[in-house]
Amino acid sequence: SSDDDGDDAPQEDLDEDADAEKLFADPSLHPAYRYNSLCLLKSGGTVRHALFKVVLWPGFDKFILSLIILNCITLAMDEPGADGGGPQGTLGDMLTVLDSIFTWAFIVEFVLKILTYGLLLHPGSYMRNSWNLLDGLIVVTSIIELASASSGGGDSSMGAVRALRA
């Protein structure tokens, strides 16, 4: 029937790995666009459309990739020395601050993507992508580690999971 070839057909054919330029130019082509997000943001709404434009902007992925690369470098610098402790003094303080900055940046990315794509219930949602599942697990673990460190819990046993962010 003619309904099978209608406006919904391109949305069915595209997934998150589709041509980024097409999706950025027309976010409505993304499979998650036509669904509400978290029962808060309506499909096609101004805020949701703006979120799609931010998350689908090619520079957004490049920025996040740059943060991941910088995070890898700082994680390598945070290696324990022969005495079993990490870097001390100014370097240690700087790496601690950078770790918090990276954690918060990845939390913002996580929240933006969930608000944009929705969490789970529809095609194209955040948790329906295997990379996002891994990313979400790492971010949630980082949040727990950050909370543990701020409550005086010291080094968390989950600290090794930080390496997965890289």
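Lys113 and Glu109 are both part of helix H5 (residues 89-117), where they sit four residues apart, about one turn of the helix; helices (H or I, at least four residues) are DSSP runs that are numbered from the N terminus. The model is predicted, so local features need pLDDT of at least 70 and side-chain atom pairs count only at pLDDT 80 or more, while totals for chains, interfaces and linings use all residues. Residues are numbered from 1 along each chain as its sequence is written, and side-chain values use heavy atoms, with hydrogens and water left out.

**Exercise 1.** Find which residue forms a salt bridge with Lys113, and decide whether Lys113 is buried or exposed.

*Solution.* Begin with the definition: a salt bridge is a side-chain nitrogen of Lys or Arg within 4 Å of a carboxyl oxygen of Asp or Glu. Lys113 pairs with Glu109, and their closest N and O atoms are 3.2 Å apart. A search of the whole structure finds one salt bridge. Next, apply the accessibility classes (buried under 20% relative accessible area, exposed over 50%, partly exposed in between, with a 1.4 Å probe and protein chains only). Lys113 counts as buried because its relative accessibility is 11%, and Glu109 counts as buried because its value is 5%.

**Exercise 2.** Determine which helix contains Leu91, and how exposed this residue is.

*Solution.* First locate the residue: Leu91 is found in helix H5. Then compare its accessibility with the classes of the previous exercise: Leu91 has 33% relative accessibility, and therefore counts as partly exposed.

Key. Helices (H or I, at least four residues) and strands (E, at least two) are DSSP runs, numbered from the N terminus.
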